[in-house]
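Morning, everyone. Please bring up the sequence and the model, and we'll walk through a few residues together.

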Amino acid sequence: MPLNIVRAGTTVRIVAVETGYGLKNRLAAMGLLANVQIRVVRNDRAGQIVIHVKNSKVILGRGISHKVFVCMV
C-alpha cells in the first residue's frame, strides 16, 4: 500500500520506493530505504506527511508519499 494512506501513529516497513533515480537517491540519503521501519507521525489526508525514521522527523509531500510503498509491521 502507498504511504499516503497510512494512519498517524502506525509503524510500517518500507517495501519499495518507485521513483526516478534522482529522487530515489535523495530519499535514500534521508534514510528511506527498503526494509526500514518508519512511524507515521501525522497524516491529515491532505497536505504533507510527517514520518519518524532513524531518530529523525522527515516531512514528505503527498506526491512523493504516493510513490513509497509500505507494509504493516
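Let's start with Ile 38. Beyond its neighbours within four places in sequence, Ile 38 is in contact with Leu 3, Thr 10, Thr 11, Val 12, Ile 14, Leu 32, Ile 51, His 52 and Val 53. Contact here means heavy atoms within 4.5 Å.

A word on the source. This is a predicted model, where local features need pLDDT of at least 70, side-chain atom pairs count only at pLDDT 80 or more, and totals for chains, interfaces and linings use all residues. Residues are numbered from 1 along each chain as its sequence is written, and side-chain values use heavy atoms, with hydrogens and water left out.

Now the core. The largest nonpolar core has 17 residues, and Leu 3, Leu 32, Ile 38 and Ile 51 touch the most other members. Strands E1 (11–17), E2, E3, E4 (56–60) and E5 (68–72) each supply at least two residues of this core. By nonpolar core I mean buried Ala, Val, Leu, Ile, Met, Phe, Trp, Tyr and Cys residues joined through side-chain atoms within 4.5 Å. Buried is under 20% relative accessible area, exposed over 50%, partly exposed in between (1.4 Å probe, protein chains only). Strands (E, at least two residues) and helices (H or I, at least four) are DSSP runs, numbered from the N terminus.

Next, Lys 24. Lys 24 sits in helix H1, residues 21–29. Its relative accessibility is 39%, so Lys 24 counts as partly exposed. From Lys 24 to Ile 38 is 14 residues in sequence and 17 Å in space, C-alpha to C-alpha.

Last, Gln 48. Where is Gln 48? In the loop between strand E2 (37–43) and strand E3 (49–53). Gln 48 is partly exposed because its relative accessibility is 44%.
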